[in-house]
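Reader: I am new to this structure. Please take one part and go through it closely, in a connected way.

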Amino acid sequence: GRLNVFNDNRYEGCDMAHHFDNRGMNWEKGSVQCASQYNATHPCVPLTGAKNCGCNPAALAYELTGPVGNEWSRRWPELKATLGDPACTNEAGFVPCHNIVENNTYCDTKHFIDADQSSTDS
């Protein structure tokens, strides 16, 4: 995720207070990287019985039009700006950046967040 703000939340009596991840960068990467396999002339339409059609349609739409698309650029120009931000890329490609977690409190909670220090530092 990018530009997410989580502030002034109260977590109480739970195992994990906050779950936030880099969805689409690890094991589920294949569900979004299918633009080269499916296109307008060979579409992937899930649940129609198409053979080996495992693409996530929302992820595919993001992959094809995402922040560089006209609609995204019009609605969220700040998201498009992150595409050129060196803090938002590494050798793996685009990574989560500019997320803010602040002023949250928790009580009787085993873990605040399910990420290790290296993940939250990146």
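**The cysteines and the loops around them**

Author: Cys107 has its closest cysteine sulfur in Cys14, and at 9.8 Å the two sulfur atoms are too far apart for a bond. The model is a predicted one. Seen from the other end, the sulfur of Cys14 has Cys107 as the closest cysteine sulfur, again at 9.8 Å and too far for a bond. A disulfide would need the sulfur atoms to lie within 2.5 Å. Neither residue is buried: Cys107 is partly exposed, with a relative accessible area of 36%, and Cys14 is partly exposed too, at 25%.

A search of the whole structure does find one disulfide. Its partners are Cys88 and Cys97, whose sulfur atoms are 2.0 Å apart. The torsion about their S-S bond is about 90 degrees, so this disulfide is right-handed. Both Cys88 and Cys97 are buried. In the chain as a whole, buried residues make up 22% of 122 residues.

The phi of His98 is near 55 degrees, a positive value in a residue that is not glycine. Most residues other than glycine have a negative phi. His98 is partly exposed, with a relative accessible area of 40%.

The next loop, between β6 and β7 (105-107), holds Asn103. Its phi is also near 55 degrees, positive although Asn103 is not glycine. Asn103 counts as exposed, at 55% relative accessibility.

Asn104 lies in this loop between β6 and β7 as well, but counts as buried, at 16% relative accessibility. What does Asn104 touch, leaving out residues up to four places away in sequence? The list is Phe6, Asn7, Asp8, Asn9, Tyr11 and Phe112. With one of these, Asn9, the side chain of Asn104 makes a polar contact through the partner's side chain, at 2.9 Å.

Charged pairs are the last item. The count of salt bridges is two. In one of them Lys110 pairs with Asp15, the closest N and O atoms being 3.7 Å apart. Lys110 lies in the loop between β7 and β8 (111-113) and Asp15 in the loop between β2 (10-12) and β3 (16-18), so the pair ties together parts that are 95 residues apart in sequence. Both ends are exposed: Lys110 has a relative accessible area of 63%, and Asp15 has 52%.

The other salt bridge joins Glu12 and Arg10, with 3.3 Å between the closest N and O atoms. Glu12 counts as exposed, at 54% relative accessibility, whereas Arg10 is partly exposed, at 49%.

The strands named above belong to a chain of four helices and eight strands. Read along the sequence, their pattern is β-β-β-α-α-α-β-β-β-β-β-α. The chain exposes about 8700 Å², of which carbon and sulfur atoms supply 52%.

Key
Residues numbered from 1 in each chain as written. Predicted model: local features only at pLDDT ≥ 70, side-chain atom pairs only at ≥ 80, totals over all residues. Heavy atoms only, no water. Helix = DSSP H or I, 4+ residues; strand = E, 2+ residues; numbered from the N terminus. Buried < 20%, exposed > 50% of the residue type's maximum accessible area, 1.4 Å probe, protein only. Areas by Shrake-Rupley, 256 points an atom, 1.4 Å probe, with all protein chains shown as cover. Polar contact = N/O pair within 3.5 Å; in protein donor to acceptor, adjacent residues only side chain to side chain. Contact = heavy atoms within 4.5 Å. Salt bridge = Lys/Arg side-chain N within 4 Å of Asp/Glu carboxyl O.
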